[in-house]
2 protein chains.
Amino acid sequence: MNREALMEATRRQMPERRWRHVLGVVATAEELAARFGGDREQVWLAALLHDYCKAWPVDRMETIIREQGLPAELLEYDKELWHAHVGAWAVREELGIRDEAVLDAIRYHTSGRENMTLLDKIVCLADYMEPGRDFPGVHKIRELANHSLEEALVAGFDSTISFLLEKGKTIFPLTVLARNDLIRTIEKRTQKS
Amino acid sequence: MNREALMEATRRQMPERRWRHVLGVVATAEELAARFGGDREQVWLAALLHDYCKAWPVDRMETIIREQGLPAELLEYDKELWHAHVGAWAVREELGIRDEAVLDAIRYHTSGRENMTLLDKIVCLADYMEPGRDFPGVHKIRELANHSLEEALVAGFDSTISFLLEKGKTIFPLTVLARNDLIRTIEKRTQKS
């Protein structure tokens, strides 16, 4: 599929408001790649497809998780996390995307993971800070993103964890592992310099 | 060892201020046991011994973790967590405590764990809310402890996690698993009633 066909296929999965968010993430991810590096084609593709099935009915996502062998643990956590794993599955099945790095960036764009790749970081951070986002702490995230992907991502995960604490919701353990790992990366870098 | 000998052996491990904290935890744990149940002898013992080696030099704790086969993962996290595991080891070695339920309550009194026992919960919560404690959120914890061990403990873990977020420190994953587990217990109870 060429770029236009991929865009059209993605746009058809979601309402207009979500599509505007996707375009914001694509633009922001491209800016971050220009600043920090990263393969432009992979960045564009993962950013475009990150929310591919975000607007799908919850029942459909649940069925796919159960029947396609996706991590069953997801079902014990917030539904917000499901679309990332289901999305990676869906773009492989429906659009023929085979690049595992792109699929991983889609799969972990909400939770993060340990040892995030540059591509993972760019997509996850762009999703936090694209121009349409407005939540407590987003300005700090955008500011940190001027000099450090890792510091900006920690601030992003901090905002997610704070929100979950406030709402009395469970916290997905992988997000804590991702944050711990980024903090250690930042500390090592500080010790060296 | 009788109670007096255990108290004397414990007192010798720490400065006066820490000993006052221990007595506060014993008194609070006994109050919680009177409210929510729990074996009085185990509660007394685990509360008395929970900070047995809190005042030991960090180097000594590190050596014990490395040489006695305690979880090496601890060394990657805050030193605050070390004394709990080292304490469980020490009271077994030095005082001959063999009750695994008491040792577990000491071992997990700082981090919590999944499937906390009644004894675990009482010691962990008493440590958060004994009369000498003063930190943001402690009043809420004491208030919740009037009717629910689990809700009070979630508030306790919330205060720990918030503190770590604010300080930019790593979060021990087991604490998140403990909190998630307690939230699910509370939700199930609410659904039933």
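Buried area is the accessible area, taken with a 1.4 Å probe, that two parts lose on being put together, summed over both. Keep in mind that this is a predicted model. Here, chain A and chain B bury about 1,500 Å² between them, and 56% of that is on carbon and sulfur atoms. On the chain A side, L165(A), R179(A) and R184(A) lose the most area to chain B, together making up 33% of what that side buries. Counting contacts instead, 18 residues of chain A touch 18 residues of chain B.

What else joins the two chains? There is one salt bridge between chain A and chain B. R184(A) forms a salt bridge with E76(B), with the closest N and O atoms 3.9 Å apart. Looking at chain A's side, α9 (149-167) and α10 (173-192) each supply at least two residues, and α10(A) gives the most, with seven. By class, that side has nine nonpolar, four polar and five charged residues.

Now for the rings: the count over all chains is eight aromatic pairs. Y77(A) and F172(A) make an edge-to-face pair, 4.9 Å centre to centre with 80 degrees between the planes. These two sit 95 residues apart, Y77(A) in the loop between α4 and α5 and F172(A) in the loop between α9 and α10 of chain A. Both Y77(A) and F172(A) are buried.

Over in chain B, the rings of Y128(B) and F135(B) have centres 6.5 Å apart and planes at 55 degrees, so this pair is tilted. Y128(B) counts as buried at 11% relative accessibility, while F135(B), at 23%, is partly exposed.

Definitions and conventions
Residues are numbered from 1 along each chain as its sequence is written. Chains are lettered from A and ligands numbered from 1 in the order in which they are written. This is a predicted model: local features need pLDDT of at least 70, side-chain atom pairs count only at pLDDT 80 or more; totals for chains, interfaces and linings use all residues. Side-chain values use heavy atoms; hydrogens and water are left out. Contact means heavy atoms within 4.5 Å. A salt bridge is a side-chain nitrogen of Lys or Arg within 4 Å of a carboxyl oxygen of Asp or Glu. Helices (H or I, at least four residues) and strands (E, at least two) are DSSP runs, numbered from the N terminus. Ala, Val, Leu, Ile, Met, Phe, Trp, Tyr, Cys and Pro count as nonpolar, Asp, Glu, Lys and Arg as charged, and the others, Gly among them, as polar. Rings of Phe, Tyr and Trp (its six-membered ring) pair if their centres lie within 6.5 Å; planes under 30 degrees apart count as stacked, over 60 as edge-to-face and the rest as tilted. Buried means under 20% relative accessible area, exposed over 50%, partly exposed in between (1.4 Å probe, protein chains only).
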